[in-house]
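Here is a short tour to read alongside the sequence and the 3D view. Please keep both open as you go.

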Amino acid sequence: MTTQSKTVVIDSGGKNDRAWFSNSLVIEPKVLDGVALQDDLLVSAVWKPPFTGGLFALSSGPAPTLRIIDRISTTGVWRDHDTLLRNIYHNDFMILYLYGADGTACVPNAGCKQVHDVRFQFGQFYVVSTGTNEVVQLDADGKVTYRWKFPGENASWHLNCLDLWNGRYVVSCFGRKGKPSDYQGSWAGHGVVFDLETEEVLWSGLSKPHTPRQDATGRQYICDSDTERLLIRNPDGNISELKFPGAFTRGLAFGKEHIYLGLSAIRHRGVQEISADSIPNARIAVIEQETFRISGYVDLPSAEVYEIVISS
């Protein structure tokens, strides 16, 4: 289906300065005609030199607006009612910000490194400490109350994303190896989703998986990032896929009628190595929940997407 595009209005605090948007990623931020967003979104992006990350707010409606909240590199973002949790990405320690009705709190921890995903549920923080190969539980004051520590060298599993499936926490990881060199230059097929408590493997044969999700119907989703796919498993076990050539799939949210999927453009590469078949900048695919038809895309002023949450 061929459609025309229209510009998304960028509000950067009253300024029209676009210097932060690298010319190497040149596509005017836009959405395709016919995509009237029904949900307000928050989108996080990781800083990968020479490209900036940050936190973006995308409004709902027939003419969505994209507001750049800031340019601080961000991985996990989690929201529940009037509480928002955000992880500021750093290699050497954890910096969480909790925004709530009573104000804002900062929760640091020097023992957690390269934090990817976060939750604040049941009065506890749950943090994926990728750099130390563990998931860490902290109380509301930031004190560690439990650790799920996995064997191997730091970062050898590349634990990344959390979700609740049938009331139990699950985690995605690139593989369960003793050290990164065990992958012998290829991560293909080593990735799994597993039960955090029992370590039972619930989904295997994946390639750099991210963002496990389960919807209200019991369908389970995983971004098989390195194969450019979103995989969908029905309760009967049948698996279908959506393919996004040239994109690293990561970040997934369920709105009123749409699924919002993050598509990243660049993975650990410089500008000179951008291939002709790679998408030129990060974007969000807008997918109909009932039919899985792709309604359109929203372009973003970054190279990567990490997380998408519904904010309305």
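## About the model

This is a predicted model, in which local features need pLDDT of at least 70, side-chain atom pairs count only at pLDDT 80 or more, and totals for chains, interfaces and linings use all residues. Residues are numbered from 1 along each chain as its sequence is written, and side-chain values use heavy atoms, with hydrogens and water left out.

## The largest pocket

Let us start with the largest pocket, which holds about 530 Å³ of space. A pocket here is an open set of points on a 1 Å grid over the protein atoms alone, where a 1.4 Å probe fits and protein lies on both sides within 12 Å along at least five of seven lines. Its volume is the space filled by probe spheres set on the points, which are joined across faces, edges and corners. Lining residues have an atom within 4 Å of a point. There are 17 of them, and W78, R79, R119, D163 and R213 are the closest to the pocket's centre.

Two or more lining residues come from each of β7 (74–80), β11 (115–121), β15 (159–165), β19 (209–214), β23 (248–254) and β27 (307–310). Strands are DSSP runs of E with at least two residues, numbered from the N terminus. By residue type, the lining has nine nonpolar, two polar and six charged members. In this count Ala, Val, Leu, Ile, Met, Phe, Trp, Tyr, Cys and Pro are nonpolar, Asp, Glu, Lys and Arg are charged, and the others, Gly among them, are polar.

## Salt bridges

Side chains of opposite charge can pair when their charged atoms come close. With a salt bridge taken as a side-chain nitrogen of Lys or Arg within 4 Å of a carboxyl oxygen of Asp or Glu, the count comes to 16. One of them joins E307 and R213, at 2.9 Å from N to O. This pair links distant parts of the chain, with E307 in strand β27 and R213 in strand β19, 94 residues apart. Both partners are buried (under 20% relative accessible area, with a 1.4 Å probe and protein chains only; exposed is over 50% and partly exposed in between): E307 has 3% and R213 has 10%. Shared partners join D117, R119, D163, R213 and E307 into one network of salt bridges.

D195 and R168 also meet in a salt bridge, at 2.6 Å from N to O. D195 lies in strand β17 (residues 191–195) and R168 in strand β16 (residues 168–173), so this pair ties together parts that are 27 residues apart in sequence. D195 is buried at 5% relative accessibility, whereas R168 is partly exposed at 38%. Another bridge pairs K179 with D182, whose closest N and O atoms are 3.4 Å apart. Here K179 is partly exposed at 35%, and D182 is partly exposed at 29%.

## Nonpolar cores

In soluble globular proteins, nonpolar side chains tend to be buried together. A nonpolar core is a set of buried Ala, Val, Leu, Ile, Met, Phe, Trp, Tyr and Cys residues joined through side-chain atoms within 4.5 Å. The largest one has 18 residues, and L41, V43, L58, Y260, I284, L300 and I308 have the most contacts inside it. At least two of its residues come from each of β4 (41–45), β5 (54–58), β6 (65–70), β25 (283–288) and β27, and β4 gives the most, with three.

Beyond its neighbours within four places in sequence, V43 is in contact (heavy atoms within 4.5 Å) with G54, L55, F56, I284, L300, V305, E307 and I308. A second, separate core of 16 residues includes Y221, L242, A247 and A265.

## Residues worth a look

Most residues other than glycine have a negative phi. N133 has a positive phi near 60° and sits in the loop between β12 (124–129) and β13 (134–138). N133 is buried, at 0% relative accessibility. K208 has a positive phi near 50°; K208 belongs to the loop between β18 (201–206) and β19 and is buried at 16%.

Q220, in strand β20 (residues 220–224), is buried at 11%. Leaving aside neighbours within four places in sequence, Q220 touches W165, N166, W203, R213, Q214, L231, I232 and R233.

Methods. Helices (H or I, at least four residues) and strands (E, at least two) are DSSP runs, numbered from the N terminus.
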